[in-house]
Amino acid sequence: MADSADVGAVPRSEAATAFGGLDAAEWDRLAGEHFYSTSDWLRFCTAETGTPGDAVIVDDDAGRCAVPVRELSGLPAWSTYRWNDHLLEAGLPHLAPDGLLVGSSEGFQTHVLRSGDHSPDRLERLVGRLREVSGSGPGEARSCVGMYLTTRDVRELREAGVTAAPVLLDADAWIPVPEEGWEAWLETFPRKRRRNIRNEEKIFRESGLRISHLPLADCWRTLGVPAASTLAKYGHRTTPETEMVSMRRAVDILGNKARVAVCNRPDDATHPVGFCIYYESAGKVLIRWVGFDNDRLSGLEEYFNVLFYTQVRRAPDLRTRWIHAGATTQAAKALRGAELRPLWMLDLTAGSPLARAADEVRAHNRRFLERFLDDPRTAGALSPREDWEFYC
């Protein structure tokens with residue numbers, strides 16, 4: 001593992017992040033509870049990608065609406081925000097490969113930000129302005145695409161004149177936590193599942209492993225090995241030093257907003273078995289990055305204790321009501337109480353080929369939905385059902 005001087009010497013992006021003419025404080029008031037739209041998060045995205053970020057805003061005397069944007073061409077090849085990778089996998093028509101990404105480039109959460117009244121006219125002007133800024137008007141060979149949008153925003157953007165068929169991208173897991181905390185949360189499960197969760201926590205508790213909640217700034221230098229180990233498990237070639245660069249960026253830009261649950265053996269406080277980096281915002285814990293040293297795991301239920309159970313235990317003190325668990329391993333998360341919400345891609349480009357392929361898109365969306373409906377672990381977790389069936 002590199003020492004702090006080696007990691008600190010790795011150059012970080014000097015690319016600027018702008019907010020459509022607003023200062024950072026004004027922008028954050030507009031972002032409100034949407035952490036992955038805040039100024040600090042957008043700066044982190046810029047540092048990770050090296051691509052300048054900006055925003056498109058329309059306003060009038062009664063209110064304002066806005067979205068963050070950045071050029072797709074600057075994103076790394078592995079980015080899951082590359083729209084044609086998803087369309088290729090779904091067997092759907094491709095879009096122009098260059099253009100403007102609507103939303104942040106990390107976090108899998110894009111929202112249309114609003115203040116004042118919700119004027120349809122203002123949203124129509126936002127769509128027009130996005131097309132103008134992106135150069136994606138009729139006859140132009142560029143795209144303007146929103147990734148990981150909520151159903152609400154997709155509905156309203158289509159009502160504002162977007163004709164493209166929305167493409168179902170993923171299922172986003174959110175775990176509700178009663179204000180009373182652990183015991184009240186357990187009571188939301190059927191008896192067998194409740195017994196299983198109690199047993200998973202008991203095995204971990206009796207193992208002697210310990211979880212500490214710390215600022216990322218206090219421990220990022222120790223997390224490179226488990227970070228690289230987990231990525232290697234899923235076929236990503238990396239090194240502890242490479243992963244520590246990103247952690248250092250999070251510390252530099254997000255400061256004490258970046259927190260981590262660190263799992264250690266009682267006799268070794270310097271070499272974590274695993275970790276979970278998360279953010280606390282507006283009554284939510286947003287789980288961002290999970291790593292485990294797979295060579296040192298002992299089958300002691302480390303994963304779900306580090307990710308979820310420790311957060312549910314702490315929830316009353318922090319007034320946490322939701323744990324955002326993200327868009328992977330949805331079945332396991334659904335078994336632990338997660339609601340699964342749909343996330344969409346929407347091409348805002350004038351004359352989008354997805355508007356002409358609406359039947360194909362609907363068929364893809366239906367197949368995607370049916371995979372979750374056919375699995376008894378996830379079928380009852382789709383929430384709300386009408387959001388899933390909106391364009392299937």
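## Exercises on aromatic pairs and salt bridges

Trp182 is buried, its relative accessible area being 5%. Keep in mind as you work that this is a predicted model.

**Exercise 1. Classify the pair of Trp182 and Tyr309: what is its geometry?**

For Trp182 and Tyr309, the ring centres are 5.8 Å apart, and the planes meet at 75°. Now bring in the cut-offs: ring centres must lie within 6.5 Å, and planes over 60 degrees apart count as edge-to-face. The pair is therefore edge-to-face.

Trp182 is in helix α7 (residues 182-186) and Tyr309 is in helix α11 (residues 302-318).

Finally, check the surroundings of Tyr309. Its relative accessibility is 0%, so Tyr309 is buried.

**Exercise 2. Work out whether the rings of Trp185 and Tyr309 are stacked, edge-to-face or tilted.**

Take the distance to start with: the centres of these rings are 6.1 Å apart. Then take the angle, which is 55° between the planes. Stacked needs under 30 degrees and edge-to-face needs over 60, with the rest counted as tilted. The pair of Trp185 and Tyr309 is therefore tilted.

What does this pair tie together? Trp185 belongs to helix α7 and Tyr309 to helix α11, so parts 124 residues apart in sequence are joined. Trp185 is buried, with a relative accessible area of 1%.

**Exercise 3. Find the charged groups that sit over the rings of Trp322 and Phe368.**

Look at Trp322 to begin: the charged end of Arg341 is over this ring, 4.8 Å from the centre. Then turn to Phe368, where Arg371 lies over the face of the ring, at 4.8 Å from the ring centre.

While you are viewing rings, pick out one aromatic cluster as well: Phe35, Tyr36, Trp41, Phe44 and Tyr279 make it up.

**Exercise 4. Describe the salt bridges of Asp59 with Arg64 and of Asp293 with Arg296.**

A search of the whole structure gives 29 salt bridges, so let us take two of them step by step. In the bridge between Asp59 and Arg64, the closest N and O atoms are 3.4 Å apart. Asp59 is partly exposed at 40% relative accessible area, and Arg64 is partly exposed at 22%.

For Asp293 and Arg296, the N to O distance is 4.0 Å. Asp293 is buried, at 8%, and Arg296 is buried too, at 17%.

To finish, which residues do shared partners join into one network? The salt bridges there connect Asp60, Asp117, Asp121, Arg122 and Arg125.

Terms used:
Residues numbered from 1 in each chain as written. Predicted model: local features only at pLDDT ≥ 70, side-chain atom pairs only at ≥ 80, totals over all residues. Heavy atoms only, no water. Phe/Tyr/Trp six-rings, centres within 6.5 Å; stacked < 30°, edge-to-face > 60°. Helix = DSSP H or I, 4+ residues; strand = E, 2+ residues; numbered from the N terminus. Buried < 20%, exposed > 50% of the residue type's maximum accessible area, 1.4 Å probe, protein only. Lys NZ or Arg CZ within 6 Å of the ring centre and 35° of its normal. Salt bridge = Lys/Arg side-chain N within 4 Å of Asp/Glu carboxyl O.
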